[in-house]
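Below are my entries in the order I made them.

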Amino acid sequence: MPSRTGSHSPTGIGKSLPERGLLLLMVLVLLEGSVIPLGAASSPDTGHQKNVDNHKAEGEKNHTKKAFPVLDLDYRHIQTPFEISLWVLLASVMKLGFHMIPRLPGIVPESCLLITVGLLVGGLIKLAGEKVPPVLDSQLFFLCLLPPIILDAGYFLPIRPFMENLGTILMFAVVGTLWNAFFIGGLLYAVCQIQPANPNELHQLEILPCLLFGSIISAVDPVAVLAVFEEIHINELLHILVFGESLLNDAVTVVLYHLFEEYSAAGTVTVLDGFLGIISFLVVSLGGILVGAIYGILAAFTSRFTSHTRVIEPLFVFVYSYMAYLSAEMFHLSGIMALIACGAVMRPYVEANISHKSHTTIKYFLKMWSSVSETLIFIFLGVATVDGPHHWNWTFVTVTVILCLVSRVIGVVGLTCVINKFRIVKLTTKDQFIVAYGGMRGAIAFSLGFLLKKEEFPMREMFLTAIITVIFFTVFVQGMTIKPLVELLAVKKKQEAKRSINEEIHTQFLDHLLTGIEDICGHYGHHHWKDKLNRFNKKYVKKCLIAGERSKEPQLIAFYHKMEMKQAIDLVESGGGVNLPSAVPSTVSMQNIQPKKPPPAKPVEKALPKMTKGREEEIRQILRSNLQKTRQRLRSYNRHTLVADPYEDGFSELLIKKQKMIALEKKIKDMNYYLTVPAAPPDSPTMCRARLASDPQSYSSKPAMDRVPTIQVDLASPQSPDSVNLMDEFRRADQQEEDQGLTMKAPSGQSGFNRPGEADRGREQQKLTRCLSDPGPSADEEEEEEPFLP
Amino acid sequence: MGSKSSSLNKIPNAQELMQETGFSAAHILRLYERFEFLDVDQMGELRPEDFGAIRELSMNPIGDRIISAFFSPGKETVDFASFVRILAHFRSTETNRTRDGAQPEPANSRTRKLKFAFQLYDQDRDGKISREELLQVLRTMMEMQVTEEQLQSIAERAIQEADLDQDDAISFDEFRKSMEKVDIDHKMSIRFLS
């Protein structure tokens, strides 16, 4: 981290100080700004009321004319949205601020810093004597702040590792949470009972409230886990284990919470209630998943028809998911599991249907919302800590903290012994340690505690204090130390390298192989069912839920196109290399073009002779003028329509064109001439939908043009007989062309030679930029003719 | 226990097989029962048609390659010992009992597993996966849903990525290298057999 800022040179360091000062000033102003309106809000309310009455009374008597108010301050009118916006702004500015401080983000996880900020803000508000906005104790938390985070997690959940480890995850989530709840609750009750010298209050604590407390505090919190684990980059297996556990234990928590809350009043729980609890658990979890899956399928089905209204595609994803959450909450099912199921189910189909821009939109909106939500949650946690009624009891709190740790460790170790009998890849001690250590509690526990009613639970304040302490302990102590511990124990980190096409091919091959071997053994194992599901998916489901041609596209092709597109974009972004052969996505390979590598050792067969400067300039001129014309043809912008993406509409024609180009290329290749290869993948919608590394709009055509790699056309000398054949070949090919897709009207003379190369390059460049911007569909066809006429 | 050992006696060379492959007696028995089930004409040997009778295997894109992997080149039948030896490749690596250095590498070591997979690609057994062989595999896996040039480009890219010595084919070492990030023990093990 220091090295990065250091590279900015001394001016950078000098700049950062006033920047920081400015930031702090802004923060203080904001804080004051948020406090004052709160103050202003509460006091003049009554005053205003009285004034209105007075005025009314007066008005009835006198009808006096008052001066027309030119400038008026009416805060009450906009109060609520204004305050919400202020809080969100505060949260975001805080996030900015942290990353400006040089070394802090590396040591302290963001969640700790945010809680600290929340404490400060809470303190300020308290000093100003105002009421803290009640966020964590109202439904606002569960209905507004939590869903974005969960949806973000569910939509981008890595399905394969999740499914492979599902058994383990379920064991930890269900059995582990149950164990934690009963262990903590039971032992707390025992401890409270045994101390005779203690103040009486602890003796009052019944077993059921203790168990309720245990169930609230035992659940691992997804928000906290995400916040911390995101920064330590451990390997995928551990990440998915802890994270999956935090998601799936919601069902257990919901059931236990409601069970104990209901029966605390009654005072006893019978065996029948326990039995009902188990059934309720099944209903809650499976019901939640079912609700989520239904909404997911609805969303996928809807997205099939959105080809004409691309603008609102992301909206469907968000709204359906949110409704899944709300519907599940309506029936007291597990909303979190519904949300996860919805996101996971709809994703493969929706992604196949929507445009690449919508995909980017969804991704960034989800990230944005979840980020803001997370920040707000931690800040409010700090604020509520300062505010909330506390009742500190040394025994209770310390015992709680110790029991949480102990029960977690015992639970994880015990369960791993059982789980390892069924796993192929066993969990090592290091893994177990990380899983145990990563079990953090967070805001969900706090909110659940806050929701308890004071009348039924006189010990509510004590509970809240204990919950806060545990949360602080796990987030601060465990959150801060987990990173050095991971380094110390040399736990395997996340592998950053991208998947190569080889891995993809071989993995699929091995899947088929294992399925075959399982069939030979007669064993209906993991692979067998996965294969069956895939077949079912391919045969029936994909046909219903994916529009048009895409339903038949195999996964490998989609993967391959994404890779090629990504590499093409990287290349354009980095400016390409002047001496490298061919630049744009080619059928043959992008491997030729890696700009970061030193010039390839095999230049001879692949390298193409450079063009003269003059030729290069000519090409640039032509391409530039074409692309400018293209831009001028953009239709006027209308908020309700996006210009149609030509690739998605004219797929089949482009495919035919492409095939013709390929056939031509083959003919040319046979004659041992290398031309730049025609661009194939850009035609396919998948290519266009490939995840772009950055915002497409940033790729204006200009920068790409200025750094255009040279076209290198390997030619025999123009006078050789072969060259003449080539030209004839082109002319013949031309006459065969019905449409104007490849107007390689090679003129006579030497200049004609380079034209075909240009034609390709021009087309390719156009296609590439077209993928990135959205010209009108008509722009393509007409432009091609002009540069290539003699 | 008694019944098990007597059923074990039915199986020729049971002890040797257990020693060689690392299967336990229960596994050998289970495999023997399966072998007998597949062997419809009770000849003590399996023929390709017996494998073909397994319905799901016929739907598998690489089904026939798997079947032919059981048959050593030139032979037309598979006896129980070869059956077990091939399946030994799919045992999980972690249940290996300690062995002394003198014994040959167990069948389910990572290298042997990869070698088995490699041989499924390399049908002509020349020690390399040529472009044509790779294309064939891709063609069968994709089941005619893609165009020829798409296949060509994928194969080209795959070879370019993996081919380190520029001979336009993937040798076993290159194959192994390209798979180093994949958890082979997990991907090529069947729980049933461990």
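**Entry 1: chain A overall.** I began with secondary structure, and chain A comes to 32 helices and 0 strands. I note here that the model is a predicted one. Chain A has 790 residues, and 53% of them count as buried. I then looked at contacts in chain A between residues at least 6 apart in sequence. Of these, 83% join residues at least 24 apart.

Entry 2: Residues 140-157 of chain A are 89% helix and 0% strand. The end C-alpha atoms of that span are 25 Å apart. Residues 275-299 of chain A are 100% helix and 0% strand. Here the end C-alpha atoms are 36 Å apart.

**Entry 3: helix 13 against helix 15.** I moved on to helix 13 of chain A, residues 271-303, and its packing on helix 15 of chain A, residues 335-353. The angle is about 20°, and the axes lie 7 Å apart. An angle under 35 degrees counts as roughly parallel, so helix 13 of chain A is roughly parallel to helix 15 of chain A. I logged the crossing of helix 13 and helix 15 of chain A as right-handed.

Which residues of the two helices make the contact? From helix 13 of chain A I listed A:Ser285, A:Gly288, A:Ile289, A:Gly292, A:Ala293, A:Tyr295, A:Gly296, A:Ile297, A:Ala299, A:Ala300 and A:Ser303. From helix 15 of chain A I listed A:Met337, A:Ala338, A:Ala341, A:Cys342, A:Val345, A:Met346, A:Tyr349, A:Val350 and A:Asn353. I sorted the residues of this contact by type: 14 nonpolar, 6 polar and no charged.

**Entry 4: A:Phe281.** I stayed on helix 13 of chain A, where A:Phe281 sits. I set aside residues up to four places away in sequence. A:Phe281 then touches A:Val174, A:Ala251, A:Val252 and A:Val255. I also took the pair A:Phe281 and A:Thr253. They are 28 residues apart in sequence and 9.4 Å apart in space, C-alpha to C-alpha.

**Entry 5: A:Ile471.** Next I went to helix 20 of chain A, residues 460-489, which holds A:Ile471. Is A:Ile471 buried or exposed? Its relative accessibility is 1%. The cut-off for buried is under 20%, so A:Ile471 counts as buried. Leaving out residues up to four places away in sequence, I found A:Ile471 touching A:Leu381, A:Arg441, A:Gly442, A:Ala443, A:Phe446 and A:Phe476.

**Entry 6: A:Glu504.** I then looked up A:Glu504, which lies in helix 21 of chain A, residues 501-521. At 5% relative accessibility, A:Glu504 counts as buried. What does A:Glu504 contact, apart from neighbours within four places in sequence? I found A:Arg499, A:Gln555, A:Leu556 and A:Phe559.

**Entry 7: chain B overall.** I turned to chain B and logged 12 helices and 4 strands. Chain B has 194 residues, and 51% count as buried. Among its contacts between residues at least 6 apart in sequence, 55% join residues at least 24 apart.

UniProt, again through an unreviewed entry, annotates "domain: EF-hand" at residues 109-144 and 150-185 of chain B. I checked residues 150-185 of chain B. That span is 61% helix and 8% strand, and its end C-alpha atoms lie 31 Å apart.

**Entry 8: helix 7 of chain B.** The buried ones are B:Phe80, B:Ala81, B:Ser82, B:Phe83, B:Val84, B:Ile86 and B:Leu87.

I then looked at its packing with helix 2 of chain B, residues 14-21. The angle is about 20° and the axes are 10 Å apart. The two helices of chain B are therefore roughly parallel to each other. Helix 2 of chain B passes helix 7 of chain B in a right-handed crossing. Helix 2 of chain B contributes B:Leu17, B:Glu20 and B:Thr21 to the contact. Helix 7 of chain B contributes B:Phe80, B:Ala81, B:Val84 and B:Arg85. I sorted these contact residues into 4 nonpolar, 1 polar and 2 charged.

Notes:
Residues numbered from 1 in each chain as written. Chains lettered and ligands numbered in written order. Predicted model: local features only at pLDDT ≥ 70, side-chain atom pairs only at ≥ 80, totals over all residues. Heavy atoms only, no water. UniProt positions renumbered as here; feature names shortened; annotations may be inferred. Axes fitted to C-alpha atoms, helices over the stretch in contact; angles between N-to-C directions. Parallel < 35°, antiparallel > 145°, perpendicular 65-115°, else oblique. Left-handed = near helix turned anticlockwise from the far one by under 90°. Contact = heavy atoms within 4.5 Å. Nonpolar A, V, L, I, M, F, W, Y, C, P; charged D, E, K, R; others polar. Buried < 20%, exposed > 50% of the residue type's maximum accessible area, 1.4 Å probe, protein only.
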